[in-house]
Amino acid sequence: MIIIWIDETTSTNSAVLEYDQKNTGGIVLATRSQTNGRGQKGNSWESEAGKNLSFSVMWHPVSFPARNQFSISEAVALAVIDLLAGIDIDAKVKWPNDVYVGDKKICGILIEHSVLGMNLDRTVAGIGVNINQKKFFSDAPNPVSATQLTGQEYNLEMLLEQYVSILTEGIKRLETDSGREETHRRFVKNLWRGDGIGYGFRDCRTGECYTGIIKDVAPMGFLSVKNVETGEILEYAFKEVEFLL
């Protein structure tokens with residue numbers, strides 16, 4: 001993949017489309033200042049200029065069935081987990097694809113696909129990882145950075161190169177059924193709050209709050225949670241359930 005750094009943009013997920021060429025192995029567009037980063041549910045992403053990793057990865061999957069698209073989300077998030085493990089940070093994936101350390105958010109991910117027929121035509125993965133930022137000023141409830149956790153500062157260019165290398169291997173692994181199965185097993189194993197203990201959830205469809213235990217994530221991405229009080233197994237698609245902090 002080709003890595004391109006720019007000084008400033010509103011959103012790398014939007015800006016990377018200007019570089020779209022199918023005959024490349026992929027484009028990684030990183031910015032030192034992102035003024036309007038987008039997150040899940042239309043949320044913004046706070047990032048102090050020059051302190052964090054804010055980038056988008058764009059590529060054209062070859063003959064990749066759209067029904068398997070959640071495995072790409074898994075690979076993108078796991079690559080962040082592996083990157084952070086390399087600097088001694090134990091992170092987990094908060095379903096569907098944020099990354100947490102304890103109860104604090106260190107990474108947000110926004111994945112957008114274009115579909116052609118039954119296959120994916122283009123994938124853009126926007127990723128923001130808090131690295132060297134020491135203070136956060138937005139109303140986000142629980143941000144944390146690598147430097148807050150370790151007391152160290154990091155070279156952003158080197159970290160991005162490492163991430164791209166890890167992700168490239170992860171994407172290649174998705175080309176086979178066994179590779180996708182292995183990726184999915186790792187994803188489930190690395191789930192935030194996937195330890196069999198009851199935690200607070202809010203069912204966004206009904207507004208009900210309850211104590212639940214994560215039971216599984218289906219290969220298509222649906223989350224299964226057991227209501228501790230009723231014993232009912234509830235299945236959720238994206239944006240249908242909220243984790244209570």
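A: Let's start with a term: two strands pair if DSSP finds at least two bridges between them. Strands are DSSP runs of E with at least two residues, helices are runs of H or I with at least four residues, and both are numbered from the N terminus. Keep in mind that this is a predicted model, where local features need pLDDT of at least 70, side-chain atom pairs count only at pLDDT 80 or more, and totals for chains, interfaces and linings use all residues. Residues are numbered from 1 along each chain as its sequence is written, and side-chain values use heavy atoms, leaving out hydrogens and water.

Our part is strand β9, residues 119-129. Strand β5 (residues 53-59) runs antiparallel to β9, joined by 7 bridges, and here Ser56 stands opposite Gly126. β9 also pairs with strand β8 (residues 104-116), again antiparallel, over 10 bridges; there, Leu110 stands opposite Gly126. The hairpin of β8 and β9 has 2 residues between the strands, and Gly117 takes a positive phi near 70° in it.

Now, buried means under 20% relative accessible area, exposed over 50%, and partly exposed in between (1.4 Å probe, protein chains only). Because 8 of the 11 residues of β9 are buried, the strand is largely enclosed by the rest of the structure.

Next comes Ile127. Counting contact as heavy atoms within 4.5 Å, and skipping residues up to four places away in sequence, Ile127 touches residues including Leu53, Phe55, Val76, Cys107 and Tyr163. A nonpolar core is a set of buried Ala, Val, Leu, Ile, Met, Phe, Trp, Tyr and Cys residues joined through side-chain atoms within 4.5 Å. In the largest one, with 60 residues, Val76 and Ile127 touch the most other members. Helix α2 (residues 69-85) gives this core its largest share, 11 residues.
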